[in-house]
Every structure is written in structure tokens, then in C-alpha cells.
Amino acid sequence: MPARIEDVAAHAGVSTKTVSRVLNGYASVRAKLRTRIEASIRALNYVPNASARSLAGNRSYLVALLYDNPMAGSSYTMEVIVGVLQACKGTPYNAVLHPFDAADDLAARIDGFVATHRPDALVLVPPHANNAELLQRLDELDIPYSTISSRLRQSRIDVGFDERRAAAEIVEHLVSLGHRRIGHIAGLKGHGARTWRLSGYRDALRKAGIAYDESLVVDGDFAFASGVAGARTLLDRRRPPTAIFAANDDMACGAMREAYERGLAIPGDLSVCGFDGTPVSQLVSPGLTTVHQPCRELGCLAVQNVLQSIRESAVPQQSRVPYQVHLRASTAAPGKP
């Protein structure tokens, strides 16, 4: 006969209410007591009845992650998904992963999604995290949500990192090597990452006393092909850059591909660096200098914070996690192998 919550309570020597609080992830349970209850759960092989708990508490125990469909195969999205799943592990909650094309009128469609899936909370990644109409509709529906790297102040709970400072730091690295003509392949227009990373690029130039040259900045959309196109435009300039900072790793790899097609050596003829720290940055040759974006940690923290907001009123509105700059062989002083 399967163990019941009453059996766990008796085994641990606590009340069923205390066991329930542990199962629901309440932070107020003392660590030593939580450990004892979790040991009893494992000893008895207790499996919570999610359906019964959902009916009893009028909850679905679902957290929905909404992301942009064209990004579904990207390393960024996959790392966020892993973080979301990690945060749900060991809790009563399960994750619903749902792609929505950014071109869709998501604010108008969210009512149907909520009615169908009944999520207890939502996590939104860019560009949905920057959709003011969507956030307003979620506020009207009174559904808890957290955003990842939103540029909107109206977001109740947001997790992210200092992308502007990280971009400035990697461009400062190029300046320290001796580069003065540094090209930038910017991200998708309207995306918070584009704004922050372009601002960081400009900050670093200003700090070094290098005049901003708009001809050295070209548009991209975070895809490999736009990195190829952006590098082609920059390298066709009468005075091409000696280094390129791309707003993500995929575009940086596109820039490296264009350099290779032209017979340019990296980093001897051209230094290239990216942003995000995706697995491809370690697989290309030479290894790509980049900023490691803590995508997995962001997904995990976004879930933890929004679930905490359901249980408690005091939740940090803005959470920031650290980043790392990885210096690899794709950058060197101008004209050096």
C-alpha cells in the first residue's frame, strides 16, 4: 500500500501540516527539520498525489516558461529550460514549456493559454519579457510571473546580470590589446540585450577616448547568418576594423566564417569575440573569447523567486547573478598570430 502523508508525518514525528509545508517548498521550515522530513519521504518512498493536492488547494502546480519559437533550438533557450527544470525538481511543481512566436499578439492570446493550462506562475524570456502589453495583461489576470533580463521597470520580479558592464569589459579587453577600430554586430532591434551590449560597447570606447564611429556598427538578429552578413559589411569598409565584437556567440561564429572565406587569420588579421558563453564558443577553432551568460542560473532563480512570491510577500524584485569573461585564442594584439 502506498505511503500517505500521514505516514510520513508519523515517521518524522511532525504534523501533516509541516510535511505539507516542506512539500510545497516553504522557506520557513527549519533546515534540520526539513532534512528529517525529506529523509522520511525517501525512506517510505512517498509520492505526493499531485491531482489530489491540485483539487484541494485549487492549484495546478504548473510553472509555464514562455519563449520565442525561432529561438527554440538556441543554446540560450535550452540552458534556461534546464534551469527551470532544475528549480522544479524536488518541489510539487512541474514545468510547461511553450513557444510563442514574437510576431504573435501574445497579449491577446494569453487568456486562452491560461484558461487551458491553468499555470500557477509564468516565466518569460526576451523578447516576451519586454512585451509591455503582455505584462500588463498578466497583472490584470493577477497571475504571478517573473521575467529574465527584462528592460521594463513594470516587471514585478526580474532576474538578470549586468550585461552593459559585461559588454564594456570585453571591449576593454580588445582596447587593452591595442585595437582602436573595433566593429560591433548588434543584436535584434527591440531586444534588451541589443541595447545593453551596444551601450557597453560605447562605454568602453568612451573610457578609452576612442570616438564612436557609427559606420563600425551593423545590425544583426542573433543568428549565425546575420553574423556572416555583418562581418561582410564591416570588412568591406575602406578602413575595416581590426577586431569585431558580436552581440552573441552565434553571430561571432558567423563573423569567423566570413573571415575564413576571405583568407583572414584569426586572431592574426582579425580578433573576434562574442557574448553568451554557449558551448559553441569552446568548439570553434580558435576558441572564442566571450562573456559567459549564466542562463541556467537565471532560469532556476526566476522559478524560485516567482514560487516564493506565491508563498510569501517579501520577494527580491531585482535579482542579479555574476557573469564571467572567458579570454580565449580568438583575440590578440593587432597583427599578431
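This is a predicted model: local features need pLDDT of at least 70, side-chain atom pairs count only at pLDDT 80 or more; totals for chains, interfaces and linings use all residues.
Local features were taken at pLDDT of at least 70 and side-chain atom pairs at pLDDT 80 or more, while totals for chains, interfaces and linings use all residues. Residues are numbered from 1 along each chain as its sequence is written, and side-chain values use heavy atoms, with hydrogens and water left out.

Helices (H or I, at least four residues) and strands (E, at least two) are DSSP runs, numbered from the N terminus. Helix 6 comprises 12 residues, 106-117.

Leu-106, Ala-107, Ile-110, Phe-113 and Val-114 are the buried residues of helix 6. Buried means under 20% relative accessible area, exposed over 50%, and partly exposed in between (1.4 Å probe, protein chains only). Ala-108, Ala-115 and Thr-116 are exposed, on the face turned away from the buried side. The buried residues pack against strand 1 (62-67), strand 2 (94-99), strand 3 (121-124) and helix 7 (132-141). Contact means heavy atoms within 4.5 Å. Just after helix 6, Arg-118 adopts a positive phi of about 50°.

Thr-331 lies in the segment after strand 12 (324-326). Its relative accessible area is 10%, so Thr-331 is buried. Beyond residues up to four places away in sequence, Thr-331 touches His-173, Leu-174, Leu-177, Pro-267, Ser-271, Val-272, Cys-273 and Thr-289.

Terms used. The expected span of a helix is 1.5 Å times one less than its number of residues.
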